[in-house]
Amino acid sequence: MNETLSMLLELQQIDDALRDLSQLRSQLEEMRKENQQALAALDEILSIRGAKLAEVRGLCEAKEADIKESEANIARSRQRLNTLTHQREQQAATRELETAKRTTQQRNEDLVKLLEQLEASESEHRRRQKDRESLLAEMQATEADLVRRIAEREAGVTELTGRRSALSGKLPRDLTSKYERISKARQGVAVVPIAAPTCTACRMSVAPQTFIRLQRMETLETCTYCNRFLIYRPTDGEPEVGLSE
Ligand SMILES: [Zn+2]
């Protein structure tokens with residue numbers, strides 16, 4: 001292949017690799033932000049539910065205290081009953097005792113219901129806390145994977161940027177500036193390798209006579225529509241310059 005063409009192609013491959021790295025970095029930043037937000041939302045729910053749980057626990061304790069109180073009433077009524085000799089007083093004390101017994105029974109039933117509610121809420125809360133832990137672990141693993149991929153690419157950056165300036169220096173200056181101009185205007189893509197008469201960047205057709213010239217790989221051709229450099233590359237399987245995966 002014409003040396004200029006091959007240098008332009010390599011320049012583009014280097015820029016692709018560098019762009020890929022910068023996209024991965026933004027992806028990581030975005031991912032961390034989203035993960036933090038998701039965790040914060042989850043923690044808020046957990047904290048609200050935690051407060052509700054504490055409330056139910058408080059209700060249970062209050063109910064237990066009430067039960068102790070009515071049990072004390074029963075004991076008192078029984079003692080009093082033993083000391084009374086008049087029938088009317090005894091009847092009144094018996095009624096008091098019956099009332100205290102009913103109250104105690106009702107309070108015990110209430111406590112059982114509250115304890116059931118508490119147990120269900122506590123198990124739900126534990127499940128949610130466990131879900132949060134798994135989610136966090138999953139998030140950390142995904143982040144670590146991305147960090148690793150970025151680090152791998154970063155290891156090759158110095159070599160790539162060095163190679164890039166060497167290429168820029170070797171190419172004619174007007175060509176380098178044209179490359180930079182197109183690259184800036186066209187989202188970092190100035191060179192388009194094609195195997196068929198279509199510019200794969202803008203999807204427009206390439207004129208047959210241009211395609212024939214492209215196939216000879218002796219002249220520098222550009223897309224009539226998007227102005228990018230076109231380079232004929234019949235096979236896609238050739239190894240490319242880049243930061244390894
Ligand atoms: Zn084009």
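What follows is a short chat about the predicted model above.

Biologist: What kind of model is this, and what pLDDT do local features need?
Modeller: It is a predicted model: local features need pLDDT of at least 70, side-chain atom pairs count only at pLDDT 80 or more, and totals for chains, interfaces and linings use all residues. Residues are numbered from 1 along each chain as its sequence is written.

Biologist: Which domains is the chain divided into?
Modeller: Domain 1 (24–154) and domain 2 (172–235). Those bounds come from an automatic or database domain assignment.

Biologist: What separates their centres?
Modeller: 69 Å, taken over C-alpha atoms.

Biologist: Now the helices. At what angle do H1 and H2 pack?
Modeller: About 165°, with the axes 7 Å apart. H1 covers residues 3–83 and H2 covers 87–154. Axes are lines fitted to C-alpha atoms, for helices over the stretch in contact, and angles run from 0 to 180 degrees between N-to-C directions. Helices (H or I, at least four residues) and strands (E, at least two) are DSSP runs, numbered from the N terminus.

Biologist: Roughly parallel or roughly antiparallel?
Modeller: That angle makes H1 roughly antiparallel to H2. Under 35 degrees counts as roughly parallel, over 145 as roughly antiparallel, 65 to 115 as roughly perpendicular, and the rest as oblique.

Biologist: Which residue classes are in the H1 and H2 contact?
Modeller: 26 nonpolar, 15 polar and 22 charged residues. Nonpolar is Ala, Val, Leu, Ile, Met, Phe, Trp, Tyr, Cys and Pro; charged is Asp, Glu, Lys and Arg; the others, Gly among them, are polar.

Biologist: Switching to the sheet. What's the strand order?
Modeller: S1-S3-S2, in an open sheet with mixed pairing. Two strands pair if DSSP finds at least two bridges between them. The edge strands are S1 (191–194) and S2 (221–222).

Biologist: How many bridges join S1 to S3?
Modeller: 4, and the two strands run parallel. Val191 has Phe229 as its bridge partner in S3.

Biologist: And S2 with S3?
Modeller: Antiparallel, over 2 bridges. Glu221 partners Leu230, and Thr222 stands opposite Phe229. S2 and S3 form a hairpin with 6 residues between them. Asn227 in the turn has a positive phi of about 70°.

Biologist: Are the S3 side residues buried or exposed?
Modeller: Buried: Phe229 and Ile231 on one side, Leu230 and Tyr232 on the other. Buried means 20 or more other C-beta atoms within 10 Å of the residue's own, exposed 12 or fewer, partly exposed in between, with C-beta atoms placed from the backbone.
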